[in-house]
Each structure stands twice: as C-alpha cells, then as structure tokens.
Amino acid sequence: MAQLSPAGIKAVQDIAQRHGFSFDAVQSMLHSVINGNGSMAQFSHSEFGGSGQWMQGGMTMVGDMFNNNLKGRVDSLCSELSRLILNQPDLVRTGSFQSQTQNGNTAYNSFGGGSGENTNGNSLFVAAPAQANWWGPDLKWPNSAGGQNGMRYAWFSQARRLAMEVNGQVIIYDTLDHNIGGVSQQQSGGYSVTFSSQYGYVDLTSLPVISINGLPPLAPTPPPPAPSYSNSNSNSNSNSNMASGNTAGSSTANSHDIFASLEKLAALQGRGILSDQEYADKKAELLSRL
C-alpha cells in the first residue's frame with residue numbers, strides 16, 4: 001500500500017471531517033476508488049456496513065442494505081474521492097480496466113505511469129524509490145510481492161501482470177483473468193513458488209510471456225519448407241529422393257521437438273525449478289542431438 005504524502009494526509013483528514021467518517025475508513029475507501037480507476041470501488045470496512053460496492057453514476061451497495069442514509073453518505077464520499085484522484089492523472093489508468101480484489105480486501109495499485117504526482121505539486125502519495133521497481137517502469141505498486149533465495153515476485157491485478165525475477169532474469173507474465181489470491185513458497189532441494197487463483201493452481205507455463213528482461217520473447221523458429229523434387233528423374237531416382245525427403249522430414253520434426261524442449265527448459269529455469277547447472281547440462285544434451 002502506497003504511503004500518503006503530507007498533502008494526501010491533509011486531504012483525507014478534511015474529507016473525513018466533512019463526511020463524518022474516520023481517517024482510517026476514508027483512507028481505505030480512497031485505495032478502493034483508486035483501484036477502481038476512479039469510477040468504481042469494491043470496499044470492506046465496518047463504518048461502511050462491511051463489504052460493498054460503488055459505481056459512479058450508478059448503484060451503491062452496503063452491507064446494511066436497508067440503510068439508505070448510509071448508502072447516500074458512501075455515495076457522496078466516493079464521488080468526492082473520485083474527483084480528487086481524477087485531478088491526479090498518474091493515478092488513473094487509461095484504456096481497458098478490470099477491478100479485482102485479493103483475499104476480500106481491495107488493495108491500492110496504479111498502472112498509468114508515474115508515482116501519483118501531478119503538476120500542481122499536491123501529490124497524494126509519496127513516490128516509491130525508482131530502484132525498488134525491479135519489474136520495470138511500466139508497472140506501479142503491486143497488490144502483493146515477496147521472495148527469497150534469488151527469487152522475487154510481484155502481482156499487479158489492475159494491469160493483469162505477474163513479474164518474476166529468478167537469478168537476475170525478470171519475466172513478465174499476462175495473468176489473463178486469474179485473480180491471484182494465494183502464494184505458496186517452498187524450499188526443498190531447490191526453490192519454488194506456487195500461485196493460486198479462483199480457478200485453483202496457476203500453471204505459469206500456461207500464461208503468455210510479455211517480456212524477458214524488458215524484451216519481447218523470441219518467437220519459435222518455424223520449420224523449414226519441405227524440399228521439392230523434379231518429376232523428370234527416373235523411377236529409381238524418384239524413389240531415392242522420396243526416401244531422402246522422408247529422412248529430411250523426420251530430421252526437421254526432431255529438430256522442432258528439440259527446440260520446443262529447449263523452450264520448456266528455459267521456462268523451468270525461469271521458475272527456479274532447474275538450477276543454472278541443470279539447465280546447462282540438459283541444454284547441451286539436447287543440442288548434441290541436432
């Protein structure tokens with residue numbers, strides 16, 4: 001969760017006083033509205049009647065569903081917070097948006113660009129040190145992050161991205177529609193990390209890779225075109241060419257399988273399942289078959 005700046009603390013205090021909520025409740029709702037890109041919020045706080053939802057110009061739902069007075073106060077609070085963050089464009093992500101929550105609690109994140117600063121100097125949040133963003137400049141403030149023993153991870157729900165760093169290699173995955181809600185770290189002869197979502201275990205090899213060390217992943221090498229043969233040869237030459245063509249086709253298929261295996265090995269090394277030495281030994285073995 002990003003740290004409020006002095007200007008952000010004063011803004012939250014003023015809004016809390018005007019709407020009759022505590023500082024903690026308003027700060028929690030601020031994070032929820034930011035996570036909803038300024039136009040919606042999924043929140044959970046006792047002062048708002050527990051869990052609920054708000055949508056700009058639309059519905060407001062609170063846990064105490066028949067408390068219309070509370071609904072009106074929550075709607076008024078969210079509307080003011082929405083106007084506040086829309087005046088700070090770096091807190092708003094343009095383009096498509098999907099709001100997600102983790103473990104029932106909305107967490108603050110921002111993926112539009114900067115650190116919550118605006119041109120008038122009244123930034124709501126303290127900028128994170130640039131060196132802390134090991135995942136690169138395009139992602140800001142993860143919902144969850146952790147790691148140890150040469151492995152780090154960071155999950156960004158709004159951008160639908162998962163960053164993994166293993167042995168200095170940073171891989172960015174597209175998490176698709178997974179709402180990651182659990183991380184299990186294990187250390188037994190090697191280091192591994194397992195993620196879970198609303199669908200269960202998340203197989204990282206099934207997620208599209210967006211970049212590796214800031215660069216797009218290499219596309220698989222397509223197999224060479226099948227050789228063509230002239231019909232002017234004699235029947236014996238034609239049969240010989242057909243046999244040769246079958247051998248070439250088999251060699252091409254074997255090469256394609258080896259390249260596919262190399263890609264899988266790289267993915268296993270990226271996840272920390274294979275050590276650098278194990279990866280190098282297996283790679284040398286596969287390349288010797290070419």
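Arg160 lies in the loop between strand 5 (151-156) and strand 6 (161-166); helices (H or I, at least four residues) and strands (E, at least two) are DSSP runs, numbered from the N terminus. Its phi is near 55 degrees, a positive value in a residue other than glycine. Most residues other than glycine have a negative phi, and most peptide bonds are trans. Leu176 also has a phi near 55 degrees, again a positive value in a residue other than glycine. Leu176 is placed in the loop between strand 7 (169-174) and strand 8 (182-187). With a relative accessible area of 37%, Leu176 is partly exposed; buried means under 20% relative accessible area, exposed over 50%, and partly exposed in between (1.4 Å probe, protein chains only).

The model is predicted: local features need pLDDT of at least 70 and side-chain atom pairs count only at pLDDT 80 or more, while totals for chains, interfaces and linings use all residues. Residues are numbered from 1 along each chain as its sequence is written, and side-chain values use heavy atoms, with hydrogens and water left out.

The chain as a whole comes next. Its secondary structure comes to five helices and eleven strands. Of the 290 residues in the chain, 38% are buried. Among contacts (heavy atoms within 4.5 Å) with a separation of 6 or more, 54% are between residues 24 or more positions apart.

Three strands form an open sheet in the order 1-2-3, and the pairing is antiparallel; two strands pair if DSSP finds at least two bridges between them. Strand 1 (40-45) and strand 3 (60-61) stand at the edges with a single partner strand each, so one side of each is left without a neighbour in the sheet. Six bridges join strand 1 to strand 2, and these strands run antiparallel. In this pairing, Ala41 stands opposite Trp54 of strand 2. The two strands form a hairpin with four residues between them, and Gly49 in the turn has a positive phi of about 80 degrees.

Strand 2 (residues 50-55) is joined to strand 3 by two bridges, and this pair runs antiparallel. Here Trp54 stands opposite Thr60 in strand 3, and the bridge partner of Gln53 in strand 3 is Met61. The hairpin of strand 2 and strand 3 has four residues between the strands, and Gly57 there takes a positive phi near 70 degrees.

Gly50 belongs to strand 2. Its relative accessibility is 22%, so Gly50 counts as partly exposed. Leaving aside residues up to four places away in sequence, Gly50 touches Phe43, Ser44 and His45. Gly50 and Val62 are twelve residues apart in sequence, and their C-alpha atoms are 6.9 Å apart in space.

Two packed helices are described by the angle between their axes and the distance between the axes. Axes are lines fitted to C-alpha atoms, for helices over the stretch in contact, and angles run from 0 to 180 degrees between N-to-C directions. The axes of helix 1 (residues 6-19) and helix 2 come within 9 Å and cross at roughly 115 degrees. That makes helix 1 roughly perpendicular to helix 2; angles under 35 degrees count as roughly parallel, over 145 as roughly antiparallel, 65 to 115 as roughly perpendicular and the rest as oblique. The crossing of these two helices is right-handed, where a crossing is left-handed if the near helix is turned anticlockwise from the far one by less than a right angle, and right-handed if clockwise. Ile9, Val12, Gln13, Ile15 and Ala16 of helix 1 make the contact with Phe23, Val26, Gln27 and Leu30 of helix 2. By class, this contact has seven nonpolar, two polar and no charged residues; Ala, Val, Leu, Ile, Met, Phe, Trp, Tyr, Cys and Pro count as nonpolar, Asp, Glu, Lys and Arg as charged, and the others, Gly among them, as polar.

For helix 1 and helix 3, the axes come within 11 Å and cross at roughly 155 degrees. Helix 1 is therefore roughly antiparallel to helix 3. Helix 1 passes helix 3 in a right-handed crossing. Ala11, Ile15, Arg18 and His19 of helix 1 meet Arg73, Ser76, Leu77, Glu80, Leu81 and Leu84 of helix 3. The residues of this contact divide into five nonpolar, two polar and three charged.
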